[in-house]
Amino acid sequence: MKKLSILLFALVALISFNACTSDDDIVFIAQPDPEGIEFTNTFSEVYLLTSSTSNNLAERFVWNEVDFDAPTTITYELQGSTDADFTVVDVLGSTGGNNLGVTVGQMLSMAEDAGLDNDPNTEEPNSGELYFRVRAFAGAGEGNALEEYSEVKNLSVELPESGDEAEPAKRELYFVGDATAAGWNPDNNNTPMFRDPANEDVYYFQGRFAGGGDVEGFKLLEIPGQWQPQWGGTDGVLSVNPGDTDDPAAFGVDADAYYSLMVDVDNMTYTWEEIDETAATVYNEIGVIGDATADGWDADQDMTQSDFDPHIWYVNDIELTDGEIKFRADNAWDVDWGGDTPVSGLGDMGGANIPVTAGTYDIWFNTLDGRYILIPQAAE
């Protein structure tokens, strides 16, 4: 009987040992993600590539994350090529996240490899296609590592010919946040700040902000519909996420009131103070008039009054010719504003005609301080 007990004990011990060994030897086998990987951002119809803007962000590529059904490190590699077959692969960057930015300079280098140039005296074209894809892979990405590729995305690029190189687009700053008219929607006809005509790094705004205890505040965006570059600030100090770092804190708004905001993106500072607007006139109608408009000096092009702030007026996608414009109230010359600086400025009552270059614009005007801004839009 004693021998039988010893044998039973040995058998139980052996089974227990095998069970522990089996648990330690569990192997996870990575599997392809059936959902695949694809780009999720919106692309432009054409990308203008100039040497003067080579440090600017041309595009931020965003994609969905993949799941290889195993506890393994996943790396994403953004690849570019001059042909759709990726005969030669240019690795533009890698990350453990789901987005990477590509500069104008990187695209310009690819365009030159594709045989494009901006010299009108050569036979090489100044426009063409570049190709991009993202590769997701497990582990170190070597040997038999599991990997998946997105579909190839072709982007149209253009190198403006020498002598015709377009002036770099000016930076715009648009409000977004629950203290603003647009809410937290980055593509909701967001109100812009008004750029100083003498210093393109300084912006102004006077108007209403809907603050309070349950309100987070607001931020500033440069591109409608895109969350980066994104600006915020605390205690007079600006901060920015250009697309490769953490988002900044929102500007706080204590009360639903009118405020004056000045932002200096060069010195990374801002000023913020509450103002009293109770004596300011609220107009029934504001229009744009001048020989640069469709009806010349004979009739106004009506602007739309903001539902959020009655002192803010705008008109979208208005076509202007070379000429001049002014702003006036109630379709009459009793009250009008003008200024001598194009694109943006501080309008004075009865001031000079505003010079305009032909194009399609969104125009914003603030009757509180007379500031105006014309934002170029792509012609449809």
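Q: What should I know about the model before I start?
A: It is a predicted model, in which local features need pLDDT of at least 70 and side-chain atom pairs count only at pLDDT 80 or more, while totals for chains, interfaces and linings use all residues. Residues are numbered from 1 along each chain as its sequence is written, and side-chain values use heavy atoms, with hydrogens and water left out.

Q: How many helices and strands are there in the protein?
A: Helices (H or I, at least four residues) and strands (E, at least two) are DSSP runs, numbered from the N terminus. Here you will find two helices and 27 strands.

Q: What percentage of the residues count as buried?
A: Buried means under 20% relative accessible area, exposed over 50%, and partly exposed in between, with a 1.4 Å probe and protein chains only. By that rule, 42% of the 380 residues are buried.

Q: Why is strand S3 largely enclosed by the rest of the structure?
A: Let's begin with the general idea: side chains in a regular strand alternate between the two faces of the sheet. In strand S3 (residues 74-81), Ile74, Tyr76, Leu78 and Gly80 point one way, Thr75, Glu77, Gln79 and Ser81 point the other way, and all are buried. Eight of the eight residues are buried, so S3 is largely enclosed by the rest of the structure.

Q: Which strands pair with S3?
A: Two strands pair if DSSP finds at least two bridges between them. S3 pairs with strand S6 (residues 127-138) in the antiparallel sense over eight bridges. Five bridges join S3 to strand S4 (residues 90-95), again antiparallel. Gln79 is a handy residue to look at: it stands opposite Arg133 in S6 and opposite Val91 in S4.

Q: Where does Glu172 lie, and which residues is it in contact with?
A: Contact means heavy atoms within 4.5 Å. Glu172 lies in the loop between strand S8 (153-158) and strand S9, and is buried, with a relative accessible area of 7%. Leaving aside neighbours within four places in sequence, Glu172 is in contact with Arg195, Tyr203, Leu221, Glu222, Ile373 and Ile375. Of these, Ile373 is 201 residues away in sequence, yet 9.9 Å away in space, C-alpha to C-alpha.

Q: What volume does the largest cavity have, and which residues line it?
A: On a 1 Å grid over the protein atoms alone, a cavity is a set of points where a 1.4 Å probe fits but cannot get out, whereas a pocket is an open set with protein on both sides within 12 Å along at least five of seven lines; lining residues have an atom within 4 Å of a point. Grid points are joined across faces, edges and corners, and a volume is the space filled by probe spheres set on the points. The largest cavity holds about 90 Å³. Among its lining residues are Phe175, Thr180, Phe209 and Phe308. Strand S11 (residues 202-210) gives the most to this lining, with three residues.

Q: Is Thr180 buried or exposed?
A: Thr180 counts as buried, at 10% relative accessibility. It lies in the loop between strand S9 (174-176) and strand S10 (194-195). Not counting residues up to four places away in sequence, Thr180 touches Phe175, Phe209, Phe218 and Phe308.

Q: Which residues are closest to the centre of the second largest pocket?
A: This pocket has a volume of about 190 Å³. Of its 14 lining residues, Ala181, Asn189, Ser306, Asp307 and Tyr314 are the closest to the centre.
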